[in-house]
Amino acid sequence: MMRTRPLKVALLGCGVVGSEVARIMTTHADDLAARIGAPVELAGVAVRRPSKVREGIDPALVTTDATALVKRGDIDVVVEVIGGIEPARTLITTAFEHGASVVSANKALLAEDGAALHAAAEEHGRDLYYEAAVAGAIPLVRPLRESLAGDKVNRVLGIVNGTTNFILDKMDTSGAGYSEALDEATALGYAEADPTADVEGFDAAAKAAILAGIAFHTRVRIGDVHREGLTEVTASDIASAKRMGCTVKLLAICERAADGKSVTARVHPAMIPLTHPLASVREAYNAVFIEAEAAGQLMFYGPGAGGAPTASAVLGDLVAVCRNIVAATTGPGESAYTQLPVSPMGEVVTRYHISLDVADKPGVLAQVATIFAEHGVSIDTVRQQGRPDGDGEASLVVVTHRAPDAALSGTVEALRKLDTVRGVASIMRVEGE
């Protein structure tokens, strides 16, 4: 039987995503009601600029007083798409205190203070859903939190930022440098006027923290995630990757240690083999590769940003939360029972691709090999090539076997001190093998 009293929804933010949420709620109202078992009503929209014309939204619903909106008491669900830490954090906790469940797309807040938000939701018997905070329209949070709840996830490897994937894809396919590719991404609207959050890896790091926490049932904050951006990736790095049968991607990597006693979370550029499924992810698309003990290897792929795709994830959460309200129950909350520590980057075991500018004379390779051996790092392949201009220098590319990151970092520092090493042209990890 259909519940007649509508469930009232407060929308915080009405930008690219928020306006799409409002549009879908209006145009698909009958379908949403049928799926939920109750009608859903947009009861208020909090914005910063009330004078702006918002097509399809009753101006009487628009307010600049977000606090008053979430305190109303008749609001069943608050949808938060304003982003940032404050006032979003205060508004969400206030919503819980006044009886509303929350759907959020706020990756930065969840990565910084997710534990406190989950605790507030549990204290007041309300839901906190956030599928849209990671990878846009791609169903990822709920499969990790629910579908794989009976399995043991060992690794999450993914492309979770469309801007950086677009830039690297253009560098790979057109031979463009970083600046040229960034300019194209900006012109097409993939990159913000200030692209720092994307190109320096902050956006991906927040998503990695959320994914690691869910996958490994432990608490991981953004400060626990090792982060490197892609601003130092060069056309030469892309060319070297091609020679190895690889491509370069900015990856979010979350792993459970082999002994199961710790986890790691990191974001950085890496070479991955062209045979890996993530290598074929093009343009601004996202994809996440999950390795679980029983399920094996799973891949989730799709648009990771944009108004309509992100709104799709928000509406999916809204339907789930409303169904819970109709059924007088709540969905799964935080699962952090393992309390596993997050290991520092130095303990991560990985491979390296190191390009050196060296003196073009006998004995240099032996000196370099000795440095690697002294630091306990085994060399997989070496390629040395003289310069066509005959300037007395050569390029030496070393690809290592897997070793602790700290050992590899120590190796690089020692190499810099050799008189025969003129400079370290590039350093990049090799993943996905």
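**Note on the predicted model**

1. Residues are numbered from 1 along each chain as its sequence is written, and side-chain values use heavy atoms, with hydrogens and water left out.

2. Helix H8 spans residues 178-187, and its buried residues are Tyr178, Ala181, Leu182 and Ala185. Seen down the axis, the buried residues of H8 fall within an arc of 100 degrees, so they line one face of the helix; the arc is that of the directions from the helix axis to the C-beta atoms. The cover over these residues includes H7 and helix H9 (196-199), and H8 is followed by Gly189, whose phi is positive, near 85 degrees. Helices (H or I, at least four residues) and strands (E, at least two) are DSSP runs, numbered from the N terminus.

3. Helix H11 (residues 235-243) has Asp237, Ile238, Ser240 and Ala241 as its buried residues. They cover an arc of only 160 degrees around the axis, which puts them on the same side of H11. The elements against which they pack include helix H7 (162-174), strand S9 (246-256) and strand S17 (421-430), and just after H11 Gly245 takes a positive phi of about 75 degrees.

4. The order S3-S2-S1-S4-S5-S6 describes an open sheet of six strands with parallel pairing, where two strands pair if DSSP finds at least two bridges between them. Its edge strands are S3 and strand S6 (128-129), each of which pairs on one side only.

5. Within this sheet, strand S2 (residues 40-46) is mostly covered, since six of its seven residues are buried. Strand S1 (residues 7-12) pairs with S2 in the parallel sense over six bridges, and Val40 in S2 is the bridge partner of Leu7. Two bridges join S2 to strand S3 (residues 62-63), again in parallel, with Thr63 in S3 as the bridge partner of Ala46. Strand S4 (residues 77-80) and S5 run parallel and are joined by four bridges; Val102 in S5 is the bridge partner of Val78.

6. Asn106 lies in the loop between strand S5 (101-104) and helix H5 (107-123), and Asn106 is buried, with a relative accessible area of 2%. Not counting residues up to four places away in sequence, Asn106 touches Glu80, Gly83, Gly84, Ala88 and Ala133, a contact being heavy atoms within 4.5 Å.

7. Ala206, in helix H10 (residues 202-216), is buried as well, with a relative accessible area of 3%. Not counting residues up to four places away in sequence, Ala206 touches Lys107, Ala108, Ala111 and Ile222. From Ala206 to Ala111 the separation is 95 residues in sequence and 5.1 Å in space, C-alpha to C-alpha.

8. Met299, found in strand S12 (residues 296-303), is partly exposed, with a relative accessible area of 34%.

Note on methods:
Predicted model: local features only at pLDDT ≥ 70, side-chain atom pairs only at ≥ 80, totals over all residues. Buried < 20%, exposed > 50% of the residue type's maximum accessible area, 1.4 Å probe, protein only.
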